[in-house]
Amino acid sequence: SYCRHACNACEGACPFGVPIADVLRTRMYATDYGDVAFARREYAALAHGVLPAAPFRVEAPIGRDPVSRVRMAVVGSGKAAQTDVTRVAANAKFSAVLCRLHSGRTHQIRVHLASRGHPLLADALYGGAPALGLTRQALHAARLGFLHPATGRALMFEAALPADLQAAWQQVAGTSALPLQ
């Protein structure tokens, strides 16, 4: 069987198809040794507004929103969180971005981009309106890399954009291909 939440971003089946036994061992390894076990976590996202052309890092602590317990927020008492953001393309209303996580906080990308005034498309919880035909949040786990818990070998998994997100991405970026590095 396969894990539903191997990358903490899956909604339904794991796009990476990681066997549950490997996921459990990897989670155990990550718990024992911290996030150092995860080499790369890269996400594709579509955000409202035009983000800066130059890559930037959001370093802001994340914790429970003091007003709504279902939301997370940038709060001084939160846990440290870092997200690298690279704008791939933009039009007058939206930006296609790649985000690389250096920490793994709940809703990290959603919170960090919304805190900068750029919520994800169709992410009602953080202020994003439906657009470009999307009715679900415009966030996709594009690449996951980690060290195999038994062999220590670096493993890298990539998942193509689902059809709805691919169509929206193409409207902003002019291509459906993700420029993963």
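Two residues are in contact when they have heavy atoms within 4.5 Å of each other. The structure is a predicted model, in which local features need pLDDT of at least 70 and side-chain atom pairs count only at pLDDT 80 or more, while totals for chains, interfaces and linings use all residues. Residues are numbered from 1 along each chain as its sequence is written, and side-chain values use heavy atoms, with hydrogens and water left out.

**Exercise 1.** Describe the order of the secondary-structure elements in the chain.

Solution. Helices (H or I, at least four residues) and strands (E, at least two) are DSSP runs, numbered from the N terminus. The chain has three helices and eight strands, and reading from the N terminus gives the order α-β-β-β-β-β-β-α-β-β-α.

**Exercise 2.** Find the residues that touch the most other members of the largest nonpolar core, and follow the contacts of Leu-113.

Solution. A nonpolar core is a set of buried Ala, Val, Leu, Ile, Met, Phe, Trp, Tyr and Cys residues joined through side-chain atoms within 4.5 Å. The largest such core has 16 residues, and those touching the most other members are Leu-51, Val-85, Val-97, Ile-109 and Leu-113. At least two residues of this core come from each of β1 (38–48), β2 (56–59), β6 (94–101), α2 and β7 (139–147). If residues up to four places away in sequence are not counted, Leu-113 touches Ala-47, Leu-51, Val-85, Val-97, Cys-99, His-118, Pro-119 and Leu-120. Another core, of 15 residues, lies apart from the largest one and has Ala-44, Phe-94, Leu-98 and Leu-121 among its members.

**Exercise 3.** Identify stretches where pLDDT stays under 50.

Solution. pLDDT is the predictor's confidence in each residue, from 0 to 100. The mean for the chain is 85, and 78% of its residues reach 70 or more. The value stays under 50 over residues 1–13 and also over residues 28–37. Where pLDDT is low, the predicted coordinates should not be read in detail.

Definitions and conventions: Buried means under 20% relative accessible area, exposed over 50%, partly exposed in between (1.4 Å probe, protein chains only).
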